[in-house]
Amino acid sequence: MMTGMDRLVAAIKGEKADRIPVFCNLLDQGAKELGLASLYDYYQSGEYVAEGQLKMREKYGYDNVWSLFYVGKEAELLGCRKILFSPDGPPNVEHFVIQSYDDIHRLEIPDDIIHHPVFAEELKCLQILKREVGGRYPICGYVTAAMALPALLMGMDKWFELLFMGPPEVRDELLAKCSLFCQRHIAALRELGVDVIVYANPFGSTDFVPLPYIIKTGIPWMKQDLSAGTQGIVYYCGGARFNQVIEAIISQIGIETYYLSPLDDIAAGKQIINGRGLTCGVINDIKLIDWSEEQIRQEVKRMLEAGMAGGKFLFGTILMPYKIPERNIRAMLDSVYEFGQC
C-alpha cells in the first residue's frame, strides 16, 4: 500500500503511482472533529491541532498533514497581541504591530523561533506529527514572504502605501527585517522535520503588482528569503493568479513546485512548467460550500483531465472554508480518487 509520501515522491520524479497525490488543507475543521466548542479552544493546544490533523487525514484518506495553526501566528511571533477568532471563519490579526514608522525601527526579529514562547504549541504539534506519521505522510508548514508579511503587521492599505510610495529607506528596512524572519522561520521548520514548506507571496502575482515590478523588485527579495535553498519549497500566491510569473521564477530562483490559483488555466500552467517541476492544480474551495456533489465531481474531472497528462501533477485545495459541508468534502475527494488513478 502506497503512502502519501510515496505518492508525492513519485509525482515529483514523474514516476507511476496508484494515484496522484492529494493535498486537502483542512485546518479549522479539526475543532469540529474533536467536538470542541470554539476555534479559540482548539488553537490553544498543539496536542489538539495534531490530533485534529491526524484524525482528519485518517478519516478522508488524503496525503498530507499541517503544522500550520493560522496565518496570524507569524504576526504573534513578531508581537501581535490579539487575534480575532470568528465562529465560522479562519482566525485573523486584530492588533497590528506596526502603527507608525517608528514601530518599524523598533521591530525585533526573534533569534530562536523554535524555543520562542509563542511557538511552543506549534512545536508540540510538530513533534506529535513527526512521531505519528513522519516519513509516511508529508508534513506541511507555511511561511509568508518578506513582501507579504508586512500586510499582517500593519494592514494591507498601509503596506501598499509604503511599498509603492515610500519612504524607500523605511520600506527597505521593513523588508529586510521581514526577510530575515522568513529565513529563520524556514530554517526552524526544516530543523523540525517539515517536508513541504508553502512559501506564500500574493505580491508575486500579477493580480497584485505588475510583472515588471515583480521581476525588478519582487524576485530579489524572494531570492533573499530563499537564500538557504528551495528544497521542499512550494510557490503559492495566496490564491491569486501567477501563470505569467512561473517562467521568471523557474529561471531566476529554481523553485520546482507551483501551487496554481483556481483562476489559473491548469493546462497552460503545466505547459509553462514543462516537466521542470510539479504542477499543483487547485480547486476553488469557496465554491465547495454551495456546489452540488455532481458539480464537484465534474469540476474535479475537468481539472484532472487538464493536468494529469505527462505526470508530475498534484491535486490541492487552498484553505478549506469552515462552512463546507462534510458531504462535499467527501464528494471532492472521492472524485479525485476515482479520476486520479494513474
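## Tour of the cavity and pockets

Select helix α5 (residues 73-77), which gives the most to the lining of the largest cavity, with 3 residues. Helices (H or I, at least four residues) and strands (E, at least two) are DSSP runs, numbered from the N terminus. The model is predicted: local features need pLDDT of at least 70 and side-chain atom pairs pLDDT 80 or more, while totals for chains, interfaces and linings use all residues. Residues are numbered from 1 along each chain as its sequence is written, and side-chain values use heavy atoms, without hydrogens and water.

A cavity is a set of points on a 1 Å grid over the protein atoms alone where a 1.4 Å probe fits but cannot get out; a pocket is an open set with protein on both sides within 12 Å along at least five of seven lines; lining residues have an atom within 4 Å of a point. The largest cavity has a volume of about 80 Å³, a volume being the space filled by probe spheres set on the points, which are joined across faces, edges and corners.

Then select V71, Y142, Y236, G238 and L319, which lie nearest the centre of the largest pocket among its 38 lining residues. Both β5 (139-144) and α8 (149-154) give two or more residues to that lining. The space in this pocket is about 850 Å³.

Last, go to I12, V196, G232, V234 and T257, nearest the centre of the second largest pocket. This pocket holds about 630 Å³ of space, and α1 gives the most to its lining, with 5 residues.
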